[in-house]
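The following exercises are to be worked through with the sequence and the model side by side. Each task is followed by a solution in steps.

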Amino acid sequence: MFTVIGCMLTGIGAGILLRRFDLGWINKIVIVTIWLLLYLLGLDIGGNPKIISALPTLGLTALIISVTATFGSCLAAAALARWCRLKYSAPRNASGAKISLWEPLKGSLVILLFFAAGIVTGYFDLLGSLEVPSRLSFYNLCVMIFCIGISIGHNRNIFDNLRQFDRKILLLPLFTILGTLAAMAVLGIFIPYRLPEVMAIGSGQGYYSLSSVLIAESKGAELGTIALLANVIREIITLVTAPFLPRIAGPLAPIAAGGATTADSTLPIIRQVCGDDLSVVSVYHGFLVDFSVPFMVSLFCAI
């Protein structure tokens, strides 16, 4: 996580230094890295027989948990936005015209297609003997975050525009966590798992790699698999629904929905639908929620 934050800060610094130049091509690099990131994620899932075999049964439970967790966090974000009197304003392109809903939605659908292509490739082993470097996803993520940092730093007005926000917006990570946990507490009444186990899965906040390992080691492979699927699904839900969420639940909803991923994998789509100003809030939110995951998951696993 600290490496990713370092890439972001370095990119912002580079963007500030390069403000005299036209860097419109940076966004194209970001789009390509998003496609590759989701393809590699799908490749990992499709190539894992245990995950694929668990989809018909455990996958449904994971879907219910992820949808409920996302709903709870968005509801909390809507309450905070109302408290801050923050209203959604569609971002504008370079010419000043509002970006239509179709633009980010089209990007979300393409992302979903790359994710599906990765699953198919992994499931049918279409790459054969071709070895995919184990760290490729991480390096790709670093490039993406660096380029987003450049884009943010290149915007001359972004840090001045942040002053327009109410300071209560800094409570967004807390609202995201509390909204998720409240939703999990309600859901725990209806599904056949102990309440602390459901809370532990929800506390993953989209950080599927760490949370699934912690839960699997403490509670067994079944819950670990559900945690992995639920948190991957939450990330995908954010990527696909982000264009609609600000119009339904306010401008903070896509950030809350992304949970711990808003400083990395879901940041590009959040920036596209919410604008550069809230991108900085998204990075701050992702860092703090990400930091909370190991503590919250470990706490509920110990109960």
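**Exercise 1. Identify which residues of the largest nonpolar core touch the most other members.**

Solution. The largest nonpolar core has 76 residues, and L38, I145 and L252 touch the most other members. A nonpolar core is a set of buried Ala, Val, Leu, Ile, Met, Phe, Trp, Tyr and Cys residues joined through side-chain atoms within 4.5 Å. Buried means under 20% relative accessible area, exposed over 50%, and partly exposed in between, with a 1.4 Å probe and protein chains only.

Next, take L38: with its neighbours within four places in sequence left aside, L38 is in contact (heavy atoms within 4.5 Å) with I111, F114, F115, I236 and L239. Another core, of five residues, lies apart from the largest one and includes L245, A249, A253 and A257. In soluble globular proteins, nonpolar side chains tend to be buried together.

The model is predicted: local features need pLDDT of at least 70 and side-chain atom pairs count only at pLDDT 80 or more, while totals for chains, interfaces and linings use all residues. Residues are numbered from 1 along each chain as its sequence is written, and side-chain values use heavy atoms, with hydrogens and water left out.

**Exercise 2. Describe the overall fold by its helices and strands, and state how the radius of gyration compares with the globule rule.**

Solution. Begin with the count: the protein has 15 helices and zero strands. Helices (H or I, at least four residues) and strands (E, at least two) are DSSP runs, numbered from the N terminus. The radius of gyration, taken over C-alpha atoms, is 19 Å, close to the 19 Å from the globule rule for 303 residues, so the protein is as compact as a globular protein of that length. That rule is 2.2 Å times the number of residues to the power 0.38.

Of the 303 residues, 52% are buried. Among contacts with a separation of 6 or more, 83% are between residues 24 or more positions apart.
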